[in-house]
Amino acid sequence: MYETILLYLHQNASNYMVLVLQHLRISGLSVGFAILIGVSLGIYSANSSRLYNTFSGFFGLLRVVPSLAILVVCIPVFGVGVVPATIALTVLAIPPVMINTALGLRGVPDSVIETAVGMGMDSCLIFLKIKLPLAMPLIITGIRTAAVEVIASATLASYIGAGGLGDIIFTGLGLYRMDLLVLGGISVAALSLLTDLVLSSLEFSVTRYQRS
Amino acid sequence: MNLALEFKSVRKRFAKTGYDAVSDVSIDICDGEIVTILGTSGCGKTTLLKMVNRLYEPDSGEILFYGHPIKDMNPIDLRRKIGYVIQQVGLFPHMTIAENIATVPKILGWDRQRIADRVQEMLELVALPPAEFSKRYPQQLSGGQQQRVGLARAIAADPALMLLDEPFGAIDAITRRNLQGELLKIHRRFGKTFLFVTHDIHEAFQLASRVLIMDKGKVQQFATPSEIRSNPVNEFVRQLVSPAQDEQLLCSPGGSRS
C-alpha cells in the first residue's frame, strides 16, 4: 500500500499540490471571512447579553445543520464550486470565533477597565491597548477551533465541485482504491494538525505574560 | 492658601436606590493636603471621590478643580491630571511593570528617554528595585508590591491631585503599615494633594491633615484629627472616635467596600 501511495504521489505530484492548495485556499478564505464576521459580531455583542444570546443562538442553530446539508442547500442559490463551499464553511466557522471574542472581551476585569478610564484613556485606547490584547488568547483559541473544523469539513466541498483534498477521497471511494482514501485522509489530518500547531504557537506567544 | 478642590452643594442619587448617596456636600480642600474620607460602607465616600474624576456626575452642585469647574473640562484631560488608585489595583496584566507605570506619560507623548527615567524614578520611589521589577508582569508580584506599582503608575505623570479609594483595604496589616509610611514619604517629597477614602479609622487619623467623616451621604465633621478627637461635633462622630469603637474597628476584618 505504501508503494502505491508513493507511486501515486510520484506520478501526480503537481496534481496533488494543486489539490492541497485548493483545500488551503477554501479553508483560508472561509476562516478569514469567519474572523472578519465573527470578531465583529463578538465585539458588537460583548456588551449586551441580549445580542450575544441572539447571535450565538442563531449561529448555533445553523451549526446543527450538517455541513453537507448547507452545501447542498447552497447549490440552487450560488451554484456549484468555490463560492457555495466557502459560504457553507464560513457559517460553520463563525460561532467559535464570535463566542470566544465576546467571552474574551467580557472577561476583562472591571478593575482594569476602571483604572484605565480613571487614568484618562479614551474608549478607543482602552479597546486597542487593554481589551483586545487581553481577549486575544481566547479569540485565537476560537480561531483554532474554527480552522480545524473547517479544514476537516472542506473535504466535503469537493462534493459540489470546489476541489481540494476531498477529490482524492471521493475518487478513492468511487474507484474503491484504499491507497487514495488513506492518502486523502492523512493529508487532511496533517493539514489540520499543522494549522493547529501554528495557531497554538501564536496563542502561546500572546499569553507569555500569564506564565513568566 | 490655594484651593485644590471645592465642592459646592454637591448631590448625587443613584436611580436604583432612591436616596442621596451624596447629599449637599460643600467643602474646600487646600493644595498639598492629605484629606481622608472616613465612613462606613454605603456612606457615600467612594461616590464623592468618583465625582472628582467624573466617573460619576453629580446631579446638582459643582466641583472646582484648582478654580475651574470640572464639568466644563474634557473628562479625559481632567483624568490625566489626576492620579487614581483603587483597592483592586487594576494593573494591566499583559503589560510589564515598567509599561504599566509608563501608561499615562506615554499617552501624554513624553519622549522615550524621559519615560524611561521617570519609570526608574517611580520604582525607586515605591521601593521596588528597577533592575529586578521593571520587566516583570503584575501576576508575579505580591498584593502589596502590586499596590506599590499602582501608586507609582498613578503618580508617574506628575498629577496635581491623587484620588485613592481604599488603596490598602485588601492588604495585610503589616504591609499596610509600610505602605502608609511610603505614602506619607511620597506626599512629603511631592507635596501633592491626596484624597484618600478609607473605612479604617486608624488609617484615616494617621495619614490625614484633615479627616472628612461622612454618614448617610452627609458630611458629619471635617477637621484635623486632633480636633475631631477633642471636639466631636455630634453623637455619630463621638461614637466613631470613642476608644471602644476604635478597638472594634481595628479588630474587624477589612475589605468591605462602600
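Which residue in β10(B) is the bridge partner of M214(B)? I looked it up, and V219(B) is the partner.

Ground rules before I go on. This is a predicted model, where local features need pLDDT of at least 70, side-chain atom pairs count only at pLDDT 80 or more, and totals for chains, interfaces and linings use all residues. Residues are numbered from 1 along each chain as its sequence is written, chains are lettered from A and ligands numbered from 1 in the order written, and side-chain values use heavy atoms, with hydrogens and water left out.

Entry 1, strand β9(B). Strands here are DSSP E runs of at least two residues, helices are H or I runs of at least four, and both are numbered from the N terminus. R210(B), L212(B) and M214(B) point one way, while V211(B), I213(B) and D215(B) point the other way.

Entry 2, its neighbours. I call two strands paired if DSSP finds at least two bridges between them. β3(B), residues 34-38, runs parallel to β9(B) over four bridges, with L38(B) opposite I213(B). β10(B), residues 218-223, pairs with β9(B) in the antiparallel sense over five bridges. β9(B) and β10(B) make a hairpin with two residues between them, and K216(B) in the turn has a positive phi of about 50°.

A nonpolar core here is a set of buried Ala, Val, Leu, Ile, Met, Phe, Trp, Tyr and Cys residues joined through side-chain atoms within 4.5 Å. The largest has 35 residues, and I26(A), A85(A), L89(A), M98(A), I139(A) and I143(A) have the most contacts inside it. The elements of chain A that give it two or more residues are α2 (13-45), α3 (49-64), α4 (67-78), α5 (82-106) and α7 (123-153). α5(A) gives the largest share, eleven residues. Leaving out residues up to four places away in sequence, I143(A) touches V31(A), I35(A), V97(A) and L199(A). A second, separate core of 34 residues includes M122(B), L123(B), M162(B) and L164(B).

Definitions and conventions. Buried means under 20% relative accessible area, exposed over 50%, partly exposed in between (1.4 Å probe, protein chains only). Contact means heavy atoms within 4.5 Å.
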